[in-house]
Amino acid sequence: MASQCQLDSVLQKCTSLICMKLLQAHLITTGKFQCHPFRSKLLELCAISPAGDLSFAFQIFRRIQTPSTNDWNAVLRGLAQSPKPTQALSWYRAMSRSPQKVDALTCSFALKGCARALAFFEATQIHSQLLRFGFEADILLLTTLLDVYAKTGDLDAAHKVFDNMHKRDIASWNAMISGLAQGSRPNEAIALFNRMKEEGWRPNEVTVLGALSACSQLGALKHGQIIHAYVVDEKLDTEVIVCNAVIDMYAKCGFVDKAYSVFISMSCKKSLVTWNTMIMALAMNGDGKKALELLDQMVVDGVDPDAVSYLSALCACNHAGLVEEGFRLFDMMKGRGMKLTVKHYGSVVDLLGRAGRIKEACDIINSMPMLPDVVLWQSLLGACKTHGNVEMAEMASRKLVEMGSNNCGYFVLLSNVYAAQQRWHDVGRVREAMKIKDVRKVPGFSYTEIDGKIHKFVNGDQSHPSSKDIYAKLDEIKFRIKSYGYAAETNLVLHDIGEEDKENALNYHSEKLAVAYGLIKTGDGTPIQVIKNLRICVDCHLVIKIISIVYKREIIVRDRARFHRFKEGVCSCRDYW
């Protein structure tokens, strides 16, 4: 008869479902199936291993006369990580009604199912139960709970769980930092990372991934540089996933040269994601030729480009105005039989639209083997706005209406087209349609980092503590740039109002407020970084170009689509965006 140690050894070597069935048969024929502790281990292996089969785990479970807590947990764990995690919640409820006692692992597996199913309500119920069961001292369980709250969008509840933990481990900190970074509270993620170090904890690769993600969202270069220095000191840069995050952080802070420096100096082997991240970084910063060179280089280095690689390269052509190069790349993809997605077609449509070849862009849409999405028609509408093509703009708008789009973007773009032609009646008609459909324009806002602190501005904002100084600086800027021939692009204002009122409306855009604050609070020659949630407008682009001459400053603006690096009156986009 096989001993416990022999069975454990066999189980560790079990790599097929047939082997698992043979082990079950052995337990049954030896009369040990109903009482042997090995049974739960076999059940768990069937439920969670790649070689296993969850349906066979159910068969094993049904043969057990009196399932133990471990037996229930084995199936629950398998369900929690299965393609249908909601079944884990049903299993948990069934177990709660059974004679077997729920333990901390039971709650933990059920909560993991909640996290994957985004089941917030069920998570709150399990939270109440684990408190009733007295499991609130279990660090692993509470970490899983706060992770569920973070993933289901209740960051306040996640933070409350974190703050109330009597003890924490590295996983607790990581879950909270990642939750804040991914849940649109990156400021707090960075603050928590700093607090973690102050309390004597040693961040690991998971911690820095969350913190670097937060820096990328905010364009928080100084914080990112501090984290990068920590990565190097702790030799975490031997992990390719960490290097990828550092590259992405520098790129999204507008310093593509620093990103490239990390890329070429990596001691670990570059992954496909590494190459794709760097190509997209170059694309977003307008260096299309270098991005295409990198695409060729990755092939030389033995890395096969995937659909993301080619999409990044197409974006590079798009942002650099490399129309013919983009077309050649697109034709090459089709020639190689690559599966093209709507995003690949969308990039080509945007490429043609930006170049003013709107009819060709429309022909590409009509030739697609799949249905175009909303983004594609919005790209065409954006091109119509840039080139003043009212007829095509109205056609694209009708398509968007047919698709049921209520995104404020296309209403604003169509209004822009009409406003540029001073068709105020049509502007009013669009605005009335927005009211009827309850579509609200997304307010423009911008961030800038000064001395490690993030400052946020909205259009016309007067809530900032330095608001009075900022507005005085804007008046000074307005006076000084007029000597360089500046005239406000008042045709962009979507209201039939006087020219002076239009100029004032343009003067207080969020990116101008952020730049003005940067000029006040930073020393001569210091670069100013700004992140904007929408595309930068033509007037702001012109003003910041002149500011870079007048104040001898380099200004980096990251808008929704790309980076603009202003220096000595020239933008890296070469006025093509």
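Let's start with a cluster: Phe58, Phe61, Trp72 and Trp91 are linked by ring pairs. Rings of Phe, Tyr and Trp (its six-membered ring) pair if their centres lie within 6.5 Å; planes under 30 degrees apart are stacked, over 60 edge-to-face, and the rest tilted.

A word on the model: it is predicted, local features need pLDDT of at least 70, side-chain atom pairs count only at pLDDT 80 or more, and totals for chains, interfaces and linings use all residues. Residues are numbered from 1 along each chain as its sequence is written, and side-chain values use heavy atoms, with hydrogens and water left out.

How many aromatic pairs does the rule give? The count is 14. Among them, Phe162 and Trp173 sit edge-to-face, 5.1 Å centre to centre, with 80° between the planes. Phe162 belongs to helix α10 (residues 155-164) and Trp173 to helix α11 (residues 170-182), so this pair ties together parts that are eleven residues apart in sequence. Helices here are DSSP runs (H or I, at least four residues), numbered from the N terminus.

Are Phe162 and Trp173 buried or exposed? Both are buried, meaning under 20% relative accessible area with a 1.4 Å probe, protein chains only.

Next, charges over rings: NZ of Lys or CZ of Arg must be within 6 Å of the ring centre and within 35 degrees of the ring normal. Lys456 lies over the face of Phe445, 4.4 Å from the ring centre. Arg480 has its charged end over the ring of Tyr551, at 4.7 Å from the centre.

Finally, have a look at Cys408, in helix α25 (residues 408-420). Cys408 is buried, with a relative accessible area of 12%.

Conventions:
Helix = DSSP H or I, 4+ residues; strand = E, 2+ residues; numbered from the N terminus. Buried < 20%, exposed > 50% of the residue type's maximum accessible area, 1.4 Å probe, protein only.
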